[in-house]
Amino acid sequence: MCLLAEPSLAQHTLQRTLTVDPSGNADFTTIQAAIDSPRIGSDPSTRFTVLIYPGTYAESLTLDGTKENVDLVGVDSDAVVIAPPSGNGLTITSGTEAARHNTIGNLTIRTTDGHGIEIRKGTGPG
């Protein structure tokens with residue numbers, strides 16, 4: 001007999017992975033709360049993954065210049081939907097001309113009056 005845990009109920013053991021599940025069975029209930037975690041960006045050389053469980057997230061996300069080496073990853077591109085009530089789905093602002101090494105994958109962004117993803121150059125030295 002094989003027992004499998006629901007993905008949203010499974011405990012992760014990866015130290016650099018933060019989980020998001022709107023039902024509360026993860027580290028965070030919103031994606032932005034995971035992005036805003038002080039663990040992300042505390043050491044720019046450390047890569048973090050934000051693993052997003054199924055749900056529709058009514059959020060406008062922001063990755064600013066202090067957040068680098070972040071992977072936003074949905075568990076299923078059809079089941080993980082970012083649907084902000086207005087504006088952009090995700091705004092990324094670099095701190096400088098240098099790349100911030102962020103990735104986005106396996107999720108869907110649906111907007112009604114903004115960009116899916118907007119990338120802005122920051123005001124830092126370049």
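In the predicted model, the secondary structure of the protein chain amounts to one helix and 10 strands. Where contacts connect residues at least 6 apart in the sequence of the protein chain, 70% of them join residues that are at least 24 apart. The protein chain comprises 126 residues, of which 35% count as buried. Its exposed surface comes to about 7000 Å², and 52% of this area is supplied by carbon and sulfur atoms.

Backbone geometry draws attention to two asparagines. Most residues other than glycine have a negative phi. Asn 69, although not a glycine, has a positive phi of about 60 degrees, and this residue is located in the loop that links strand S4 (61–63) to strand S5 (70–74). Asn 69 is classed as buried because its relative accessibility is 10%, where the class requires a value under 20%.

A positive phi of about 60 degrees is also found at Asn 106, which likewise is not a glycine. Asn 106 belongs to the loop between strand S8 (103–105) and strand S9 (108–109). With a relative accessible area of 39%, Asn 106 is partly exposed, since this class lies between the limit of 20% for buried residues and that of 50% for exposed ones.

Definitions and conventions. Residues numbered from 1 in each chain as written. Predicted model: local features only at pLDDT ≥ 70, side-chain atom pairs only at ≥ 80, totals over all residues. Heavy atoms only, no water. Helix = DSSP H or I, 4+ residues; strand = E, 2+ residues; numbered from the N terminus. Buried < 20%, exposed > 50% of the residue type's maximum accessible area, 1.4 Å probe, protein only. Contact = heavy atoms within 4.5 Å. Areas by Shrake-Rupley, 256 points an atom, 1.4 Å probe, with all protein chains shown as cover.
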